[in-house]
Amino acid sequence: YFGTYPGAEVKDHAGEILLSLIGPVVLGIYLITRGNKRIPAYRKDYKEEVIEKIAQSIDSNWEYDSKAHVAEKAYKDSKLFNKSYKEYYGDDKVSGCVGKTVFESSELKIGSYYNYVDGDGDSKREWKGVFNGYFFHADFNKQLQGETYLVNGDLESAAGTFQATSSNTKGKKQGSMVA
């Protein structure tokens, strides 16, 4: 209703205008804070009612555990990521068999927290992630030759890490980039 008040009348109706702006803001804050308290309950219900039932509908022998994750040993043994980390988290583990192939999968968040002081002298904490996503591990009972690494970032510098050059082959891994 801003546009319907001529200049002098705006002062006469300032309280109404202010309440018309503050009311929705206060209501929004109330709903957001009240809603945030209920999010964990919705998440738990969603996992139990939806994700678990999806896994069971695919194969009744599959198991789902909302609080478990793929074992860290399986992640390390994959050798997919060639970076160090300090934190290893995960949830929503689904495991079972497809034919004779045993598998497990889950959400994983892997990386490290680093403390530093910014330019203003304030202490800060920053997350440097190595992997954040869905990790799938399966035992194919096959012997494979070679290794695969997943590299995040600049392809040219990554290529330099893995491809040997004629002038410097020491310390370089033999291989090729796949984009």
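User: Is Asp 118 buried, partly exposed or exposed?
Analyst: This is a predicted model. In it, Asp 118 has a relative accessible area of 21%. Buried means under 20%, so Asp 118 counts as partly exposed.

User: Which side chain does Asp 118 meet in a salt bridge?
Analyst: Lys 124. The N to O distance is 3.9 Å, and a salt bridge needs the two atoms within 4 Å.

User: And how accessible is Lys 124?
Analyst: Lys 124 has a relative accessible area of 36%, so Lys 124 is partly exposed.

User: How many salt bridges does a search of the whole structure find?
Analyst: The search finds 5.

User: What does Glu 126 form a salt bridge with?
Analyst: Glu 126 pairs with Lys 128, and their closest N and O atoms are 3.6 Å apart.

User: Now helix H3. Where do Lys 76 and Glu 72 lie in relation to each other?
Analyst: Both are in helix H3, which covers residues 72-78. They are 4 residues apart, about one turn of the helix.

User: What is the relative accessible area of Glu 72?
Analyst: The value for Glu 72 is 31%, which means that Glu 72 is partly exposed.

Methods. Residues are numbered from 1 along each chain as its sequence is written. This is a predicted model: local features need pLDDT of at least 70, side-chain atom pairs count only at pLDDT 80 or more; totals for chains, interfaces and linings use all residues. Side-chain values use heavy atoms; hydrogens and water are left out. Helices (H or I, at least four residues) and strands (E, at least two) are DSSP runs, numbered from the N terminus. Buried means under 20% relative accessible area, exposed over 50%, partly exposed in between (1.4 Å probe, protein chains only).
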